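Please open the structure in a viewer and keep the selection tool at hand. The stops below are to be visited in order.

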Amino acid sequence: MRKASHSSTRTHNSRLVLKTIYDGGPISRADLSRATDLTAPTVSDVVSDLMEQGLVEEVGYGPSTGGKPPILLSVVDDSRHLIGLDLARGDFRGAVINLRGEIRHRVDLSLGDRSRDAALALTYELVDALVEGTDSPLLGIGIGAPGLVDAVNGVVQRAVNVDWRDVPLRDLLQGRYGLPVYVANDCQVAALAEYTFGNNEDVRDLVVVNVGYGVGAGIILNGRLLHGNPSGAGEIGHVVVEPGGERCQCGNYGCLETVTSSRAIIRRARAIAQSDSQSQLHQFSPSPETITLETIYQALHAGDESVQQMIYEVGRSLGIAAANLVGVLGSCRILFAGSVTCFGQFLLNAVQEEMMQRAFSPLAENTEVGLASLGSDIVLIGASALLLPQELGLF
Ligand SMILES: [Zn+2]
């Protein structure tokens, strides 16, 4: 019993010192002792241990305060690597990522029409290639998967794109690679990415709304990712915003996804091009079938009124979702991520306007609406960030 508590104190101290160096380094042993309230001999012991493990290194001297100048310590950012997977796209993407969220090596594999076991085999192929792509010790594998994910048990309950139902992804990968594995919903890990590695040090509550092929939100509350019980927190894409609207993959009509996803926007732009021979879309796309988000962006900025109206409606629907989030969470920071954010400030203005009209104004006025800072790698990076609190005590 005494041994167990001694070892848990050691782990606690070690994590505290590592986190303090990670957040505040380069830092001297004396400053570490002050910041952590640990005695100088304890700090010295723990630091030796962390240096032996290769996690921490001496990086030079700080300014002298009279006596010998203090030696400064930093975390070795590439002393451990993380594997992050994004399984929510048309391609399966993976990366080897360091302790600061920097991508060191990446692998993309085309999913094609693979589903079920074939999609699982592709996941193994992806991880095999990533494991070979690093010489640093691996902390584990983090996965952003689409659909409903039971993060506690690491089970993908339902992912439409690969036709997975109740796939125990964590146990399968842990068994195969002997590494810790964490699985969460892709939009949820996008929020974790912004919280961990974006410019959001000043907030504890954060929402990231991912608007791409699908639509969903990730919610960070008091510095912790909200998963739902056991899943589904932030699953706003299947809330109806247009009663009687277009049929959604989920079987309902007029879901947020049917208005605001990249698929929906492209479908609506094609309809505009087909019905209006004067549309600016024709300038940028030889036929309605070749219209992409990029083409739509060009027509928007060339002043096509139908396209502007359509994107304005997309923003308004997202504004309804934002107002509901404010109603539940109170004032917060809401960041938009995903391919649809190519419409930038034009889209955000519509979101903001609608949110202000629909949410309780004292709360809406103190809510910030903006764009996420991490680009298309946001899910990869967030997936890897699942490992840091559990495996190293960071964040
Ligand atoms: Zn739906």
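This is a predicted model: local features need pLDDT of at least 70, side-chain atom pairs count only at pLDDT 80 or more; totals for chains, interfaces and linings use all residues.

Residues are numbered from 1 along each chain as its sequence is written, and side-chain values use heavy atoms, with hydrogens and water left out.

**Stop 1: the zinc ion**

Select the zinc ion together with H238, C248, C250 and C255. These residues coordinate the ion through ND1 of H238 and the SG atoms of C248, C250 and C255, at 2.1 to 2.3 Å. Donors here are N, O and S atoms within 2.8 Å of the metal (3.2 Å for Na, K and Ca); water is not among the atoms, so sites may look incomplete. The angles among the four donor atoms are 101 to 125°, and the site is tetrahedral (for four donors, all angles lie between 85 and 135 degrees). Ideal tetrahedral angles at a metal are 109.5 degrees. Along the sequence, the donor residues follow the spacing H-x9-C-x1-C-x4-C.

Now compare two of the cysteines: which is buried and which is partly exposed, C250 or C255? Buried means under 20% relative accessible area, exposed over 50%, and partly exposed in between (1.4 Å probe, protein chains only). C255 has 0% relative accessibility and therefore counts as buried, whereas C250, at 37%, counts as partly exposed.

**Stop 2: strand β4**

Select residues 81-86, which form strand β4. Helices (H or I, at least four residues) and strands (E, at least two) are DSSP runs, numbered from the N terminus. Six of the six residues of β4 are buried, so the strand is largely enclosed by the rest of the structure. H81, I83 and L85 point one way, and L82, G84 and D86 the other.

With β7 (residues 138-145), β4 pairs in the parallel sense over six bridges, and L82 stands opposite G140. With β5 (residues 91-97), the pairing is antiparallel over five bridges, and G84 has A95 as its bridge partner. Four residues lie between β4 and β5 in the hairpin that they form.

**Stop 3: helix α10**

Select residues 293-301, helix α10, and colour its buried residues L293, T295, I296, A299 and L300. They lie on the same side of α10, because they cover an arc of only 155° around the axis (an arc of the directions from the helix axis to the C-beta atoms). These buried residues pack against α8, α9, α11 and α12. Just after α10, G303 takes a positive phi of about 95°.

**Stop 4: the nonpolar cores**

A nonpolar core is a set of buried Ala, Val, Leu, Ile, Met, Phe, Trp, Tyr and Cys residues joined through side-chain atoms within 4.5 Å. The largest has 48 residues, and V17, L18, I21, L32, L99 and I378 have the most contacts inside it. Helix α6 (residues 186-197) supplies the largest share of this core, seven residues. A second, separate core of 44 residues includes I265, A269, V307 and L347.

**Stop 5: backbone details**

Select P26, in the loop between α1 and β1; the peptide bond from G25 to P26 is cis, with omega near -5°. Finally, select D166 in strand β10. D166 has a positive phi of about 50° although it is not a glycine, and at 55% relative accessibility D166 counts as exposed.

Terms used
Four donors count as tetrahedral if all angles lie between 85 and 135 degrees; four count as square planar and six as octahedral if opposite donors are over 155 degrees apart and all others between 65 and 115; anything else is irregular. Two strands pair if DSSP finds at least two bridges between them. Contact means heavy atoms within 4.5 Å.
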